[in-house]
Amino acid sequence: MEHFAVLDGFLPEEVCQELEDGARHAKPEMVRGATGAAAKVQGGTDLAKVLNQPSRGDVVKFSDDGQMPGCQDFLRDLDALVDGLKSCEDTAPKLRCVDWANGAMFAIYPGGASRYIKHVDNTLRTDGRRLTAVLYLNRHWTEKDGGCLRIFEPTMQSCQVKRDVEPLWNRLVLFWSTQEVPHEVLASYKDRLAVSVWFICGEESLRSSEPFQRLFCPTKLRCLSGDRRQCLLRAARSEEERSSLAKLPLATSFGAELEELSRLFGWRSEEEVQREQDTAQDQAIRLAVQKALDGHRPEEAFGLKAHKVIEIPKNPLDFEIVDDEVLFGLVD
Ligand SMILES: O=C(O)CCC(=O)C(=O)O
Ligand SMILES: [Fe+2]
């Protein structure tokens, strides 16, 4: 598997049917899917609304306890597949410390052209996600129903489409959760059902506060082998880390010890990592967008000469960037 794999007829029919029935049944209690950006600025700031709302149109329900119908059978077969990939030559290195997974996320993209714009699941390589698995639950899906998973060449800067994958009944797609696989969900004209699971790297998770704490929270993360302690220890980078992890109680919630853990494991905030990974141009754009959101006029925020200002966008996500200049899309 270079970047992604597609497997048709993954589950026994009856399991797939149970998952579909469960998802349809749960639709009324599903909530709008949130992105990392929204989670970070939770509290409902305007920035959160701008960043989150237009980016994805699905509604979701997490089955952390695996109690959704068919879920346990699905997770058992999926875990076995990933276990197999751990001993394949080309996938083994990336899956070395992938000993963890979340529950399952049931998602419905309602058929009114809902979609999910181009993104990378684990943009900064900080949240631990390494492999994304999505199973589609759409019988009789045809081309006119839209809803393809569009996979791009790496990285987020690339506009080159690698493959459009139709969300067909009982089709499983696996792809790396990192910059190697930017992807989007194209507009869906019929309810589009899917169930996703993320497989998580312990070594990466130890490097940031929240992912670290999730490793100690059995209701949030499953340990694939069942031996949480052993998986924690093999994710450590030094003897000092190992002996600290050996002493921590499992299934704990943390308090005063967070400071010491932060020092030992070198935790950095997402903002710090973001700043490191940004190019000078990224930084300039980020600053300009922030200025515009703070109420500066666009020509001021973006340092444009007056004749270059074309139109004020209703929605800042409609910015189009051409040759280092910012042109505003006409949205009316
Ligand atoms: O449903 C799909 O095809 C992919 C959804 C996705 O990209 C996500 O939830 O991050
Ligand atoms: Fe995604």
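Which residues does UniProt list for "domain: Fe2OG dioxygenase"? The unreviewed UniProt entry gives residues 100-202. UniProt positions follow the numbering used here, feature names are shortened, and annotations may be inferred rather than shown by experiment. The structure is a predicted model, in which local features need pLDDT of at least 70, side-chain atom pairs count only at pLDDT 80 or more, and totals for chains, interfaces and linings use all residues. Residues are numbered from 1 along each chain as its sequence is written, while chains are lettered from A and ligands numbered from 1 in the order in which they are written.

The protein chain has an average pLDDT of 87; pLDDT is the predictor's confidence in each residue, from 0 to 100. A score of at least 70 is reached by 86% of the residues. For the complex, the predictor gives an ipTM of 0.99 and a pTM of 0.84. Two stretches score under 50. Over residues 37-47 pLDDT stays under 50, and the model has 11 contacts there beyond four places in sequence. Residues 322-332 also stay under 50, with 22 such contacts. A contact requires C-beta atoms, placed from the backbone, within 7 Å.

Over residues 100-202 the chain is 1% helix and 50% strand. Helices (H or I, at least four residues) and strands (E, at least two) are DSSP runs, numbered from the N terminus. The end C-alpha atoms of this segment are 7 Å apart.

An open sheet of 4 strands has the order E6-E11-E8-E9, with antiparallel pairing. Strands pair if DSSP finds at least two bridges between them. Strand E6 (114-119) and strand E9 (161-165) each have a single partner strand, so one side of each lacks a neighbour in the sheet. Neighbouring strands are turned by 20 degrees against each other on average, direction ignored. Axes are lines fitted to C-alpha atoms, for helices over the stretch in contact, and angles run from 0 to 180 degrees between N-to-C directions.

E6 and E11 are joined by 3 bridges. Tyrosine 116 has valine 185 as its bridge partner in E11. Histidine 119 is partnered by histidine 183. Strand E8 (residues 149-152) is likewise joined to E11 by 3 bridges. Here isoleucine 151 has histidine 183 as its partner.

Two backbone features lie in loops. The peptide bond from proline 154 to threonine 155 is cis, with omega near 0 degrees. Threonine 155 is found between E8 and E9. Alanine 113 lies between strand E5 (105-109) and E6, and its phi is near 70 degrees.
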